[in-house]
Amino acid sequence: MRQVLVKRRVVVGGLLLAAMGGGVATTMASPVIGKATEIRGDVRRRQAEQEDPLAVGAQLFDNDHVRTEAESFATLALGADTRVLLGAETDLLVDRFIAGQGGTLELGTGRMVFDRPEGLPKVDVAVRTAFGMIGVRGTKFFCGPSKVAFAVFVEHGSVAVAAGGVTQIVAAGQGVEFKQRGDAPSEPVNWGQARIREAYASVGL
């Protein structure tokens, strides 16, 4: 009987070690894609089924879900050159991102600014939203509620906004809007300085 118990403990111990080893391998297989560089208020990050407060300096991985609460803001650095600024009550999924190449972000609710300085090599980034898809090639733009249900404004560079079977190319200084979900993007128009300031203020700029 004692020999059977010893063998059972060895088997259980081996299973535990295998499980622990699998966890370590999974973590090591997920490269760091960025970090939180500024946090104001209550910002939380969900990884798989675990949710914790997001602190300055915290590393970011693919499939991280970042959520800002009321009157809270976050700045995320993706790679060495790209920033994503989140306004209050915003939900962002970093679906996948590779520094210097691009990736896919999903804006569930709220507002954000994607910021990549001019003069750098272009990267391919797609931002999925409930209103449509935003195709980015290395630029700075705002997306989120602004006077209407949803809008996109480009400061420099250009983006392609696609929804409802329509794609609009939005150039620097222009914006498009959606009055409701299911709409196609409006024709691009130039935004005034007051609206631009209001949009940027909503993400803490």
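Good morning. Of the 205 residues in this protein chain, 40% count as buried. Please bear in mind that the model is predicted. The chain carries 2 helices and 18 strands. Among contacts with a separation of 6 or more, 42% join residues 24 or more positions apart.

Leaving aside residues up to four places away in sequence, F141 touches a set of residues including M112, V127, I134, V152, F153 and V159.

Next, the aromatic rings. The whole structure contains 6 aromatic pairs. In one of these, F131 and F150 have ring centres 4.8 Å apart and planes at 10°, so the pair is stacked. F131 sits in the loop between β11 and β12, whereas F150 belongs to strand β14, so the pair ties together parts 19 residues apart in sequence. Both F131 and F150 are buried. Together with F178, F131 and F150 form one aromatic cluster.

How are the rings of F153 and Y200 arranged? Their centres lie 6.4 Å apart with the planes at 70°, so this pair is edge-to-face. The pair links distant parts of the chain, strand β14 and helix α2, 47 residues apart. F153 and Y200 are likewise buried.

Finally, the charged groups. K140 lies over the face of Y200, 5.1 Å from the ring centre. R195 lies over the face of W191, at 3.9 Å from the ring centre. Thank you.

Definitions and conventions
Residues numbered from 1 in each chain as written. Predicted model: local features only at pLDDT ≥ 70, side-chain atom pairs only at ≥ 80, totals over all residues. Heavy atoms only, no water. Contact = heavy atoms within 4.5 Å. Helix = DSSP H or I, 4+ residues; strand = E, 2+ residues; numbered from the N terminus. Buried < 20%, exposed > 50% of the residue type's maximum accessible area, 1.4 Å probe, protein only. Phe/Tyr/Trp six-rings, centres within 6.5 Å; stacked < 30°, edge-to-face > 60°. Lys NZ or Arg CZ within 6 Å of the ring centre and 35° of its normal.
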